[in-house]
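Open the model in your viewer and keep the sequence panel beside it. This tour tells you what to select at each stop.

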Amino acid sequence: MKITAFVGSARKKHTYYATETFLKELQSFGDIEYEIISLSEQYLQICQGCKLCLDKGEELCPLKDDRNLLLEKIEQSDGVIFATPNYSFQVSAHMKIFLDRLGFIFHRPRYFSKTFTSIVAQGVYGGNKIVKYLDFVGGGLGFNVVKGSCITTREPITAKMKQKNEQIISRQARKYYQKLVRKDFPTPSLFQLMVFRMSRSSMEKMLNEEFRDYTYYKDKGWFESDYFYPVKLNPLKKLTGRLFDWMARRMASA
């Protein structure tokens with residue numbers, strides 16, 4: 001299996017080392033090939049907010065950078081990791097630019113068979129909120145998410161702190177590998193079901209063939225499906241899903 005890690009640090013130090021440790025631990029569980037991509041070494045331009053990717057298609061983006069090459073890396077991977085240091089209580093600028101270049105995928109998610117996790121290296125405080133954010137991002141892109149981890153790398157880093165970080169990474173790698181090999185499609189939560197059903201129903205009501213979101217959902221058969229992928233919903237969720245559809249259509253008609 002192939003794993004690709006996207007690292008948002010300009011230095012090959014704590015965040016990079018934690019990612020490498022995670023991947024080597026992963027290799028101890030099974031046949032894993034990995035690649036670490038330092039986003040600081042990629043050519044990524046800042047999104048200009050023209051919305052062409054959202055409305056008409058990502059191929060019309062006026063920016064010519066390495067975005068498509070990085071998307072190919074994701075497509076060729078069974079699993080993905082986003083790793084970043086805590087800069088000003090958020091992801092690094094390199095990571096944020098990368099995420100902004102993937103914005104159209106939040107409208108048209110696609111990575112349902114791939115496993116995702118995140119690693120955040122903090123100095124003192126705030127890293128857990130970034131983990132929560134990145135895990136939300138992973139779910140929005142369609143990934144099967146394993147809860148990320150936050151490690152503390154305050155310098156000078158002590159032997160005790162280093163040992164604790166290695167234990168955190170080791171536990172995370174084991175959970176990640178277990179989900180990676182299962183390749184299952186998890187049953188959506190009520191929140192996930194609501195987001196899908198209300199988005200697709202309002203889209204069907206308000207958009208048409210001129211919009212890429214509409215044609216993408218239509219081609220996938222998502223205007224008729226229970227969820228993004230085949231899944232068995234219990235009677236309560238089936239009923240709740242129909243309620244979400246009704247609410248979305250009513251709001252779109254108001």
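Which residues in H1 meet which residues in H7? Select Tyr-17, Ala-18, Thr-21, Phe-22, Glu-25 and Leu-26 in H1. Contact here means heavy atoms within 4.5 Å. Helices (H or I, at least four residues) and strands (E, at least two) are DSSP runs, numbered from the N terminus.

A word on the source: this is a predicted model, where local features need pLDDT of at least 70, side-chain atom pairs count only at pLDDT 80 or more, and totals for chains, interfaces and linings use all residues. Residues are numbered from 1 along each chain as its sequence is written, and side-chain values use heavy atoms, with hydrogens and water left out.

**Stop 1**

**Stop 2: the largest nonpolar core**

A nonpolar core is a set of buried Ala, Val, Leu, Ile, Met, Phe, Trp, Tyr and Cys residues joined through side-chain atoms within 4.5 Å. Buried means under 20% relative accessible area (1.4 Å probe, protein chains only). The largest core has 28 residues. Select Phe-6, Phe-82, Phe-98 and Leu-141, which have the most contacts inside it. H6 gives the largest share, five residues. Now centre on Leu-141. Beyond neighbours within four places in sequence, its contacts include Phe-82, Leu-102, Ile-105 and Phe-106. A second, separate core of 22 residues includes Leu-26, Ile-32, Ile-119 and Ala-173.

**Stop 3: Gly-127**

Gly-127 lies in helix H6 (residues 127–141). Is Gly-127 buried or exposed? Gly-127 counts as buried because its relative accessibility is 0%. Leaving aside neighbours within four places in sequence, Gly-127 touches Asn-86, Val-120, Gln-122 and Cys-150.

**Stop 4: H9**

Finish on helix H9 (residues 212–220). Select Asp-213, Tyr-214, Thr-215, Tyr-216 and Tyr-217, the buried residues of H9. They pack against helix H2 (52–55), helix H5 (103–107) and helix H8 (190–206). Step on to Gly-221, which follows H9 and has a positive phi, near 75°.

Conventions. Buried means under 20% relative accessible area, exposed over 50%, partly exposed in between (1.4 Å probe, protein chains only).
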